[in-house]
Every structure is written in C-alpha cells, then in structure tokens.
Amino acid sequence: MYGVVVTPPLNEAEIMYAIYVDEKIPLLFIKRDPATNRAKLTKVERKNLDKAEKIRSLTFGDWIEFEERDIHEGCIEKYVKIYPLNPCRSNGDHLQIESTCVFSSLAHGWENECYCELFGKVRVDPELRNCFLADVAYRCWISVEVTRISSLSVELGEYIDVSEEQNLVNEAPWNRGDPRFLTVISSDSDESDLDLMEAIPQVSYPYE
C-alpha cells in the first residue's frame with residue numbers, strides 16, 4: 001500500500017503524522033516514537049538512534065509504502081519512505097500536492113464538480129471553475145488540510161497546465177457508462193485479432 005503525508009509533524013501527544021491513502025479509506029496515522037533518555041545511552045547507541053530517527057522522519061508530501069498487516073488500530077507501525085509519486089509544495093499558509101483534475105459539464109445533473117485523480121471529489125471556487133473547460137484533464141495544485149485530526153479537506157488551489165495524459169476524463173464519475181468515454185483496448189497481434197474475430201458470432205444473410 002502507498003500513502004502520502006498530509007500534515008507537517010503534529011503537536012499531538014501520541015500522533016506524529018496523518019497519512020492519506022485513498023478517498024475510500026479513512027486517514028491513517030503514525031505514532032510519535034517513545035521518548036528516550038539519551039543520557040543513559042552509549043555513543044554508539046546514540047548514533048544508531050539518530051540513524052533510526054532519520055530513517056523514520058517524515059514531512060508533508062513524503063510518500064511511504066507499507067503492508068496492510070502493519071496497520072493496527074488505524075496506525076501504521078512499519079513503513080518505508082519512497083520516491084514521491086506526486087510533487088508537493090508549501091504556498092503561503094497552504095500545503096499543496098500536485099494532481100490531475102477534470103471538471104464536469106452542466107449536463108446530466110452535474111454542476112461545478114471537480115474530480116481529482118489522487119483525492120477524488122475536491123472543492124472548487126465557482127469563479128475559478130469557470131476558467132476550465134469540461135472534460136479536459138488539467139494538472140493542478142490541490143490544497144490539503146487535516147481538520148479535527150481525522151478529516152481531510154481538499155480544495156483546488158492553482159492551475160498548472162493541461163495534462164499530457166487525458167485518460168482521467170474517462171474515469172470521471174459523470175462519464176462512467178457514457179459510450180463516448182469508453183476505453184477501447186486494441187491489440188497489435190494479428191493472432192489476437194483473429195481469436196477475437198472467431199469469438200464473435202458470425203451472422204449470415206441469405207441472398208434472395
């Protein structure tokens with residue numbers, strides 16, 4: 001499993017970081033390491049402790065990998081820091097993560113909706129929404145904030161540019177099931193094409 005740190009180090013008594021995994025999964029947490037009396041440690045032990053703390057230390061926007069079995073009561077006990085899957089930045093008072101977004105049209109009852117590849121549905125200012133074309137994928141900065149320690153607030157922060165990859169348009173909730181946005185998988189193999197043709201029932205029309 002993969003997760004991204006969505007807070008700076010917290011000042012909570014036990015919780016050090018909040019981790020976002022998926023829009024369908026509640027926030028997970030990483031506990032603060034128990035305090036250690038360094039005065040009682042040898043020089044080698046202090047050096048090893050410093051190394052271990054450096055490996056475990058995280059900050060906003062860091063990505064981690066962990067196993068589901070290492071989650072206990074909503075807290076991740078073992079993890080490995082990995083190369084960031086999405087860029088992040090601090091913009092004034094806002095902590096932001098880059099992701100791809102698609103905006104809905106007014107058809108089919110959808111209005112002022114923004115679907116984000118990383119976070120799912122995100123809030124967007126109505127005036128800012130009018131700057132985007134519907135069903136076009138854009139790269140944007142998403143502002144994230146953890147409220148009440150267990151709730152993640154996500155809002156469109158800033159436009160970057162048009163995304164080179166437009167596949168997210170097909171995955172937007174308002175386009176699912178729409179034949180115009182179905183993904184067609186083609187094969188370059190003549191043999192695969194032949195097998196596909198053989199699998200399709202052949203209909204013959206008698207001549208009159």
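The secondary structure of the protein comprises four helices and 13 strands, assigned as DSSP runs (H or I of at least four residues for helices, E of at least two for strands) and numbered from the N terminus. The model is a predicted one, in which local features need pLDDT of at least 70 and side-chain atom pairs count only at pLDDT 80 or more, whereas totals for chains, interfaces and linings use all residues. Residues are numbered from 1 along each chain as its sequence is written, and side-chain values use heavy atoms, with hydrogens and water left out.

Of the 208 residues in the protein, 33% are buried, where buried denotes under 20% relative accessible area, exposed over 50% and partly exposed the range in between (1.4 Å probe, protein chains only). Among contacts (heavy atoms within 4.5 Å) with a separation of 6 or more, 52% join residues 24 or more positions apart.

Ser99 lies in strand 9, which spans residues 94–103, and counts as buried because its relative accessibility is 4%. When residues up to four places away in sequence are not counted, Ser99 touches Asn86, Cys116, Glu117, Leu118, Tyr138, Arg139, Cys140 and Ile142. With Leu118, the side chain of Ser99 reaches the backbone nitrogen at 3.2 Å.

Glu164, by contrast, is exposed, with a relative accessible area of 78%, and is placed in the loop between strand 13 and helix 3 (168–171). The C-alpha atoms of Glu164 and Arg139 are separated by 8.9 Å, although the two residues are 25 residues apart along the chain.

The second largest pocket holds about 200 Å³ of space; a pocket is here an open set of points, on a 1 Å grid over the protein atoms alone, where a 1.4 Å probe fits and with protein on both sides within 12 Å along at least five of seven lines, and lining residues have an atom within 4 Å of a point. This pocket is lined by 13 residues, of which Asp93, His94, Leu95, Val144 and Glu145 are the closest to its centre. Strand 9, strand 12 (137–147) and strand 13 (151–162) each supply at least two residues of the lining, and strand 12 provides the largest share, four residues. By class, the lining has five nonpolar, four polar and four charged residues. At least three lining residues are drawn from each of domain 1 (2–81) and domain 2 (88–171), the domain bounds coming from an automatic or database domain assignment.

Key: A polar contact is a pair of N or O atoms within 3.5 Å; within protein, one must be able to donate a hydrogen and the other to accept it, and residues adjacent in sequence count only if both atoms are side-chain atoms. Grid points are joined across faces, edges and corners, and a volume is the space filled by probe spheres set on the points. Ala, Val, Leu, Ile, Met, Phe, Trp, Tyr, Cys and Pro count as nonpolar, Asp, Glu, Lys and Arg as charged, and the others, Gly among them, as polar.
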